[in-house]
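Student: I'd like a close look at a single part of this one. Could you walk me through it?

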Amino acid sequence: GKIKRSDSLGLMTSTDVLLLIQNADVVASESIPSKTYEYLHAGRPILALVYRNPELKAMLEEYGHIVCEADDRKALKKALQRFVSLWEKKELVPVSLESRYTVEAAVSKLFALWSKAGAVNKFKPAGNIPA
């Protein structure tokens, strides 16, 4: 069934492991599912099944999550065994690294690019926002 978004965010933070499954198609190999960012902010370990997407793989591994190719059954079996082993030893812990994928970081990067392009000098902000 469907779960309200506000309820799903609470449930994500209380799970042992989050499962991220990327579609196995050409578009998936060049995109990052929006759910990825919600999972990163949940602070829980992630098992990600990615499809030929080195950028997504690197992003998740940077934070210590386990990633395997969606069509690699041996890698999936090994990843599941690793999580089960950690769970049995009570070593599944929240991912404490703060994600660099935040709204603030995105806005700062966009503003920096915009400034570099010289757009700041052409823009007069409204209200009390400094130029």
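Student: How do the axes of helix H2 and helix H3 cross, and within what distance do they come?

Tutor: A quick note before we start: this is a predicted model, where local features need pLDDT of at least 70, side-chain atom pairs count only at pLDDT 80 or more, and totals for chains, interfaces and linings use all residues. Residues are numbered from 1 along each chain as its sequence is written, and side-chain values use heavy atoms, leaving out hydrogens and water.

Now the helices, which are DSSP runs of H or I with at least four residues, numbered from the N terminus. The axes of H2 (residues 35-42) and H3 (residues 54-62) come within 11 Å and cross at roughly 10 degrees. Those axes are lines fitted to C-alpha atoms over the stretch in contact, with angles running from 0 to 180 degrees between N-to-C directions. H2 and H3 are therefore roughly parallel to each other, a label for angles under 35 degrees. On the H2 side, Thr36, Tyr37 and Leu40 make the contact, and H3 brings Leu56, Met59 and Leu60; contact here means heavy atoms within 4.5 Å. Those residues split into 5 nonpolar, 1 polar and no charged, with Tyr, Leu and Met among the types counted as nonpolar, Asp, Glu, Lys and Arg as charged, and the others beyond the nonpolar set as polar.

Lys35 pairs with Glu38, their closest N and O atoms 3.0 Å apart. The two sit 3 residues apart in H2, so about one helical turn separates them. Lys35 is partly exposed at 34% relative accessibility, between the cut-offs of under 20% for buried and over 50% for exposed (1.4 Å probe, protein chains only).

How values were computed: Angles under 35 degrees count as roughly parallel, over 145 as roughly antiparallel, 65 to 115 as roughly perpendicular and the rest as oblique. A salt bridge is a side-chain nitrogen of Lys or Arg within 4 Å of a carboxyl oxygen of Asp or Glu.
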